[in-house]
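Thanks for coming, everyone. Please take a look at the model on the screen, and then we will walk through it together.

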Amino acid sequence: MKRTATIATIALSIALTLAGCAMEGGGTLDAASPGVRNAQGPRPEAAQAMVHAGETTAAVAAALGAANGYRFDSGYEVWVYRWPGADRSARGATELVILFGPDGTVRKTRIRPGATS
């Protein structure tokens, strides 16, 4: 069990790094892109509250819609939802990162605040 927790932690760390690299680009977010949320939908904290450990990818997709996804050779998968900041930049976006295990169920969630400057 400890090995699984370690793999999950490593996968989430890699995913956050990838998400951070995407944010550093500084370009504007396209509102039509998968995973980009708008003001009419739930805010990051409310979206995170809608996702519970053990839920399937299908349940999360039904609740939150399409996401930017990253699949790892280990079977883990990470979905990222982004809420643009006032300037609509990728760098200023707040992100909800969801880690799914190889069995397709939620293992962890994390909110990553956007850059403020």
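Let's start with a definition. A residue is buried under 20% relative accessible area, exposed over 50%, and partly exposed in between, with a 1.4 Å probe and protein chains only. Now the ground rules. This is a predicted model, so local features need pLDDT of at least 70, side-chain atom pairs count only at pLDDT 80 or more, and totals for chains, interfaces and linings use all residues. Residues are numbered from 1 along each chain as its sequence is written, and side-chain values use heavy atoms, with hydrogens and water left out.

Take Ala53. It has a relative accessible area of 66%, so Ala53 is exposed. Ala53 sits in the loop between helix H2 (44-49) and H3. Helices here are DSSP runs of H or I, at least four residues; strands are runs of E, at least two; both are numbered from the N terminus. Now find Arg107. Ala53 and Arg107 are 54 residues apart in sequence, but their C-alpha atoms are 5.4 Å apart in space.

Next, the inside. A nonpolar core is a set of buried Ala, Val, Leu, Ile, Met, Phe, Trp, Tyr and Cys residues, joined through side-chain atoms within 4.5 Å. The largest one has twelve residues, including Trp79, Tyr81, Trp83 and Phe100. Helix H3 (57-64), strand S2 (77-83) and strand S3 (94-100) each give two or more residues to this core. A second, separate core has six residues, among them Phe72 and Leu99.

On to charges. Side chains of opposite charge can pair when their charged atoms come close. We call it a salt bridge when a side-chain nitrogen of Lys or Arg is within 4 Å of a carboxyl oxygen of Asp or Glu. How many salt bridges does the structure hold? Four.

Look at Glu77, in strand S2. Its side chain meets that of Arg71 in a salt bridge, 3.2 Å from N to O. Is Glu77 buried or exposed? Glu77 counts as buried, because its relative accessibility is 13%. Arg71 has a relative accessible area of 64%, so Arg71 is exposed.

Next pair: Glu95 and Arg82. Their closest N and O atoms are 2.6 Å apart. Glu95 lies in strand S3 and Arg82 in strand S2, so this pair ties together parts 13 residues apart in sequence. Both Glu95 and Arg82 are buried.

Last, back to Arg107. Arg107 forms a salt bridge with Asp103, at 3.5 Å from N to O. Arg107 is partly exposed, at 31%. Asp103 is exposed, at 53%. And salt bridges with shared partners join Arg82, Glu95 and Arg112 into one network. Thank you.
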